[in-house]
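Hi everyone, and thanks for coming along. Please have a look at the sequence and the model on the screen, and then I'll walk you through a few of its features.

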Amino acid sequence: SSGLTLSVSCLQPSCFGYPLSIFFIIINEFCERFSYYGMRAVLVLYFKYFLQWDDNLSTAIYHTFVALCYLTPILGALIADSWLGKFKTIVSLSIVYTIGQAVMSVSSINDLTDHNRDGSPDNVSVHIALSMTGLILIALGTGGIKPCVSAFGGDQFEDDQEKQRTRFFSIFYLSINAGSLLSTIITPILRAQECGIHSKQRCYPLAFGVPAALMAVALVVFIVGSRMYKKVQPQGNIMTQVAKCIGFAIKNRFRHRSKEFPKREHWLDWASEKYDKRLIAQTKMVLKVLFLYIPLPMFWALFDQQGSRWTLQATTMDGNFGAIQIQPDQMQTVNPILIILMVPVVDGLVYPLIKKCKINFTPLRKITVGMFLASLAFVAAALVQVQIDKTLPVFPAAGQSQIKVINLGTDNATVWFEPQIQNVNVTSMESTAYMTFETSQLLSFKVTSGNKITTQPTKLSEGSRYTLRVKNNATDIVAELLFDNVTSKPEEGNNLIRFINNLPDTINITMGDTSFGTLASLSASNYNLFPGGREYKITAIINSMPCSVTSKALGFGSAYTIVINKCSGENLDVTYSEDIPPNTVHMAWQIPQYFILTCAEVVFSVTGLEFSYSQAPSNMKAVLQAGWLLTVAVGNIIVLIVAGASKLSEQWAEYVLFAALLLAVCIIFAVMAYFYTYIDPSEIEAQLDEEEKQVKKDQDVYEKQGEADSQM
């Protein structure tokens with residue numbers, strides 16, 4: 001036994017005045033946050049491009065998952081406080097979490113069900129089932145350990161280490177942001193790689209696999225430090241006591257609802273028959289703060305759309321930052337970068353300046369300002385969206401078709417669309433923009449070029465685009481309609497490229513590493529996808545002779561028809577016809593909205609936690625922590641409801657709607673805050689202590705009096 005005591009005391013070493021055990025906890029938290037935010041960064045794009053869900057379903061499932069992650073902490077706190085204790089809860093739920101991340105990685109392996117090796121999964125439902133299982137396990141894991149890790153870190157300090165404990169929480173918050181920052185930079189880079197056994201795809205298995213590996217590292221690191229930890233036995237959960245107290249008060253009040261019973265000062269006083277005065281007083285304080293929490297979810301409803309709507313917005317933008325190429329899901333890194341920079345600036349510079357100006361910037365005023373700023377950020381997002389919408393191509397609606405004309409000949413040509421709808425002149429080797437027609441009205445077209453003329457009937461299908469190839473040959477005019485199988489912008493900033501062979505010979509074409517096969521004279525290839533932001537080598541083999549040219553630098557989200565005209569020497573002569581214009585709104589335009597939203601987070605989130613702690617009795621911190629996390633969950637549920645019920649076809653209008661809703665909530669909160677009176681829990685508790693002492697004194701006096709009387 002003495003040997004054991006000795007080993008334990010040796011194993012409580014300290015480093016720079018801190019218990020050594022907290023370094024394991026901070027490394028664990030860094031790895032866990034890396035794992036969570038890394039997986040979350042690419043999640044909405046995984047739904048959209050791998051599972052082929054539309055924007056709305058992807059957004060809905062994303063926010064359902066986030067809501068679940070913030071509902072499970074209540075479960076985690078109950079398990080830790082009432083049953084397993086913090087250490088065992090963290091270990092067991094981390095195992096669940098690691099399994100979830102591994103399942104998520106497996107679910108994104110394309111070759112799992114791609115039996116015909118065409119590059120897309122044959123049985124998507126297998127992938128959906130696996131990824132949903134993975135996400136539920138992750139939500140259980142991350143949520144369950146969330147309330148335990150920071151509290152477990154706090155438990156490692158002695159009562160006289162208040163300063164170190166405060167510093168620990170700052171370092172802890174920093175490790176969260178460092179993990180989140182690194183993972184939001186790294187996982188999108190991994191996702192952008194090409195990998196796969198039979199066909200090359202975006203590398204989601206790697207993007208989910210690295211977070212899974214880091215979660216395993218987090219678990220191992222945490223267990224390694226096991227013998228150093230100070231483990232506090234579970235004390236029973238205060239949340240259950242609070243809930244029982246409230247339940248009893250309501251039940252008791254309902255029982256005594258008739259007039260004959262005298263009213264009590266506060267409805268919670270109806271619990272006094274069963275619960276002591278202290279618990280009732282503490283519950284009153286907690287409910288006072290929880291009441292103020294009611295409007296807060298609206299803030300999180302906007303804040304958490306960074307990972308869904310704002311990421312999807314970035315996919316329609318130009319990510320070319322000169323030397324580096326930014327992926328849409330990497331724009332989220334702006335938030336943690338700004339947080340790390342701004343928390344010290346706001347604390348050290350902004351707040352002291354406000355104080356100097358004799359403005360009383362109370363915590364509730366800070367929260368109100370935070371809500372207003374978040375609302376402003378969404379107005380900025382709407383303005384960016386309006387600019388993006390201007391650059392998006394107009395595709396044919398129901399009942400419409402679109403035609404563009406490419407003149408492949410050396411003479412100018414005129415095309416009449418009959419009966420007398422419109423006519424268009426096309427210069428040699430040029431093309432027109434797409435023209436929109438009512439499908440049922442367009443019956444034929446007539447082409448004149450030089451002194452030749454040809455008329456052809458048309459039979460178009462609704463909602464489709466066509467290219468009319470026109471060429472004045474020596475003997476006749478060739479006029480053929482080509483079906484363009486594209487009715488939306490290419491995703492993820494990729495580009496669609498196809499070729500038309502304008503040479504008399506049959507040719508074989510490759511661009512980069514992609515072969516377009518053999519093309520007969522005047523025929524067209526299918527479209528192929530190419531990543532944006534770079535140039536490609538185009539090679540045509542004509543009569544066994546290679547002829548090549550370097551393409552122009554492709555933008556993002558464009559589509560081109562490249563016409564092969566002639567080969568002089570070894571140089572290929574090509575012309576470009578733009579089918580879909582590239583994304584022209586730069587991703588940098590998202591920075592202002594991220595900046596405003598981060599300012600909002602700094603004054604809202606940090607202040608909110610601080611305020612909760614200052615207004616709650618010491619043993620009720622967990623209840624308020626749970627309440628705070630609950631506001632995040634409810635916020636994500638609000639996104640589902642608003643996005644589902646609004647039925648707004650324009651994305652900018654949805655942003656404005658969210659901004660308006662938050663502004664309205666912000667005004668309500670400002671009114672609530674105006675009538676709130678700040679309290680000092682320690683003062684109230686001291687008063688209760690005093691009263692209890694007085695009661696005890698009176699009892700003692702009464703007992704002594706009773707003894708004296710009996711002796712007489």
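At roughly what angle do the axes of helix H7 and helix H8 cross? Before I answer, a word on what we are looking at. This is a predicted model, so local features need pLDDT of at least 70 and side-chain atom pairs count only at pLDDT 80 or more, while totals for chains, interfaces and linings use all residues. Residues are numbered from 1 along each chain as its sequence is written, and side-chain values use heavy atoms, with hydrogens and water left out.

Now the helices. H7 covers residues 238–255 and H8 covers residues 277–293; their axes come within 10 Å and cross at roughly 95°. That makes H7 roughly perpendicular to H8, a label for angles of 65 to 115 degrees. The axes are lines fitted to C-alpha atoms, for helices over the stretch in contact, with angles running from 0 to 180 degrees between N-to-C directions. Helices (H or I, at least four residues) and strands (E, at least two) are DSSP runs, numbered from the N terminus.

Which residues meet there? From H7 we have Gln241, Val242, Cys245 and Ile246, and from H8 there are Leu279, Ile280, Thr283 and Leu287. Contact here means heavy atoms within 4.5 Å. Sorted by class, this contact has six nonpolar and two polar residues, and no charged ones.

Let's move on to the cysteines. How many disulfides does a search of the whole structure find? The search finds two, where a disulfide is a pair of cysteine sulfur atoms within 2.5 Å. Counting bonded cysteines along the chain, the pattern is 1-2, 3-4.

Is Cys203 buried or exposed? Cys203 is buried, at 5% relative accessibility, whereas Cys195 is partly exposed at 22%. For those words, buried means under 20% relative accessible area, exposed over 50%, and partly exposed in between, using a 1.4 Å probe and protein chains only.

The other disulfide joins Cys547 to Cys567, with an S to S distance of 1.8 Å. This link is right-handed too, with 85° about the S-S bond. The pair links distant parts of the chain: Cys547 sits in strand S20 (residues 545–550) and Cys567 in strand S21 (residues 559–568), 20 residues apart. Cys547 is buried, with 0% relative accessibility, while Cys567 is partly exposed at 32%.

Cys148 is buried, at 2% relative accessibility. For Cys599, the closest cysteine sulfur is in Cys666, and 15 Å is again too far for a bond. Cys599 counts as buried, with a relative accessible area of 18%.

Last stop: a sheet. Four strands form an open sheet in the order S10-S7-S13-S14, with mixed pairing. Its edge strands, S10 (435–438) and S14 (477–484), each pair on one side only. From one strand to the next, the twist averages 30°. Strands pair if DSSP finds at least two bridges between them; S7 (residues 400–407) and S10 run antiparallel and are joined by four bridges. In one of the pairings, Ile403 has Met435 in S10 as its bridge partner.

Conventions: Parallel < 35°, antiparallel > 145°, perpendicular 65-115°, else oblique. Nonpolar A, V, L, I, M, F, W, Y, C, P; charged D, E, K, R; others polar.
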